[in-house]
Amino acid sequence: DYQYGTVAQTCDQRTAIGLARSKDIDLRFFLPPPPLPKIKNDYPIEDELRLLLVSLPQTGLDPCVQYFTSLALRESSQTLAAQRGGLWCFGGNGLPYCETLSKIPSETVELFCLQALVQHSKVSSHCDKIEAKGGLQLLQRIYQLRKDSAKIQRNIIRIIGNMALDEHLHSSIVRAGWVSVLAEVMKSPHVIQSSHASRALANLDRDTVKEKYPDGVYVLHPQYRSSQPIRADVLFVHGLLGAAFKTWRQQDVDRRLDKKTSEGEEDYSQCWPKTWLASDCPALRIISVEYDTHLSDWKAKCPVEAHRKSIAYRSNELLDKLRAAGIGDRPLVWVSHSMGGLLVKKMLVDASKNPEMDKIVNNTRGIIFYSVPHHGSQLAEYSINARYLLFPSVEVKELSKDSPALKELNDDFLSFAKDKKFSVLSFAETLPTHIGSMIKLHVVPLESAKLGIGDLIPVDVNHLNICKPKKKDAFLYQRTLKFIQDVLAQEL
């Protein structure tokens, strides 16, 4: 221990980051986070967070985040400590209506504040302010206090990963003790936690990583430094209500039917691209992206007109992030589920019109579509009847059957794909999906999943399981793997 301690104290910033990104590293190589300064005036943590939010500019943010932040901060900072009132309102999956702060558990308040900080940390000039106001130390304190809340810890690491995009903040991040924390979280068995930490460390590691990973872009493989050169990229894009990790998990096994699960539990993959694909094709860089999608529009509770997230808006936003992450520098395969496939088509059509994005188009070798509604979905019609889909969001409206926008996108994509001769593989669901307790429907019927080029393979699963193979030797995974290996045969 003494020798490890000596090394830890001698390490400079670059060595510490390099060690944290080395596989199976001993955590004794890292100094623990420095002791935190004493809290002044005995403010509770959530008041400290609110003071930090008060000090940040309220411009350049999603209007709903602005609204929510200003509501959270209605009291001026002087009266904050004295008077613990104040309204909180954050619609939808947050609080159903405004309540006074005193009734809300402090952990929930912290989470809301942190979600607002995540939005701020996407703006470079705000990151400087967070650092100047001691935000890195405050986040460290909350992180240590909230060991029991994976969600709070994840939001904090997401903020650190965003701040790490600015190189001039690296030494402050290291000084605040984040390298040892990230090295530890990299070892987490939970793919979401470890991938957040891996993104933050990759952004800190300017010696071996030339790309930068903006908010919502996660490298599933390789997460550590490696001498193996990367030959090609595979990019995963989820659909409505999906997410960068949970969309691509192994299909959940029915516990009652399968007596053997308890023995086979160890082999369950929380994210098959990270476990199966990475071991079958180690020379790939595997990236999964995340963007917010809302089936029903909780932002209706936000009186400020929300910035509508149409497919066109998302396409531009994601293309910029993907270029920063070096997508297009190597041969590339896209893998998409549901609405994610429409987004992929839109991104490629947009990229083909922008000379700066040429590389993304020219390096695309193939695309896999899992149940993509090229010609719309009945989901949009159902949303009128289904109570909890009361406010169909832009996304669902854009998906309505035979929508002119979808037809135009498909025509544009087809003419361009035939010209470029991409390889295309589509899978289609044949079983209905349960939506809530009342509705059973074919989200994407066979005729809508038909693109017009490439192979179309119907599979006996529902919409949610079309991208979740049951096991590694299942047809869905093996056919996907074969497609990737075939189109990248030269590189691999």
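Analyst: In this predicted model, helices H8 and H9 pack at an angle of about 155°, and their axes lie 10 Å apart. That angle is over 145 degrees, so H8 counts as roughly antiparallel to H9. The crossing of the two helices is left-handed. By residue class, the contact of H8 with H9 has ten nonpolar residues, one polar and no charged.

H8 covers residues 135–145 and H9 covers 150–163, and Arg146 sits in the loop between them. Is Arg146 buried or exposed? Its relative accessible area is 16%, and the cut-off for buried is under 20%, so Arg146 counts as buried. The side chain of Arg146 also has a partner: it makes a polar contact with the side chain of Glu110, at 2.9 Å.

H9 has another packing partner to look at, helix H12, which spans residues 191–204. Here the angle is about 20° and the axes are 8 Å apart. Because angles under 35 degrees count as roughly parallel, H9 is roughly parallel to H12. This crossing, too, is left-handed. On the H9 side, look for Ala150, Arg154, Ile157, Arg158, Gly161 and Asn162; on the H12 side, they meet Ile192, Gln193, His196, Ala197, Arg199, Ala200 and Asn203. The residues of this contact of H9 with H12 divide into five nonpolar, five polar and three charged.

Helix H16 (residues 339–352) packs with helix H20 (residues 404–420) at an angle of about 60°, with 10 Å between their axes. That makes H16 oblique to H20. The crossing of H16 and H20 is left-handed. From H16, the residues in contact are Leu342, Lys345, Lys346, Leu348, Val349 and Ser352, and from H20 they are Leu406, Leu409, Asn410, Asp412, Phe413 and Phe416. Sorted by class, the contact of H16 with H20 holds seven nonpolar residues, two polar and three charged.

Two other places may interest you. Helix H3 (residues 45–54) is mostly covered, with eight of its ten residues buried. The buried residues of H3 include Ile45, Leu49, Leu52 and Leu53, and also Glu46, Asp47, Glu48 and Arg50.

Thr430 lies in the loop between strand E8 (423–429) and strand E9 (433–435). With a relative accessibility of 27%, Thr430 counts as partly exposed. Beyond its neighbours within four places in sequence, Thr430 is in contact with His442, Pro458, Val459, Asp460 and Val461. The C-alpha atoms of Thr430 and Ser371 are separated by 9.7 Å, and these two residues are 59 residues apart along the chain.

Definitions and conventions
Residues are numbered from 1 along each chain as its sequence is written. This is a predicted model: local features need pLDDT of at least 70, side-chain atom pairs count only at pLDDT 80 or more; totals for chains, interfaces and linings use all residues. Side-chain values use heavy atoms; hydrogens and water are left out. Helices (H or I, at least four residues) and strands (E, at least two) are DSSP runs, numbered from the N terminus. Buried means under 20% relative accessible area, exposed over 50%, partly exposed in between (1.4 Å probe, protein chains only). A polar contact is a pair of N or O atoms within 3.5 Å; within protein, one must be able to donate a hydrogen and the other to accept it, and residues adjacent in sequence count only if both atoms are side-chain atoms. Axes are lines fitted to C-alpha atoms, for helices over the stretch in contact, and angles run from 0 to 180 degrees between N-to-C directions. Angles under 35 degrees count as roughly parallel, over 145 as roughly antiparallel, 65 to 115 as roughly perpendicular and the rest as oblique. A crossing is left-handed if the near helix is turned anticlockwise from the far one by less than a right angle, and right-handed if clockwise. Contact means heavy atoms within 4.5 Å. Ala, Val, Leu, Ile, Met, Phe, Trp, Tyr, Cys and Pro count as nonpolar, Asp, Glu, Lys and Arg as charged, and the others, Gly among them, as polar.
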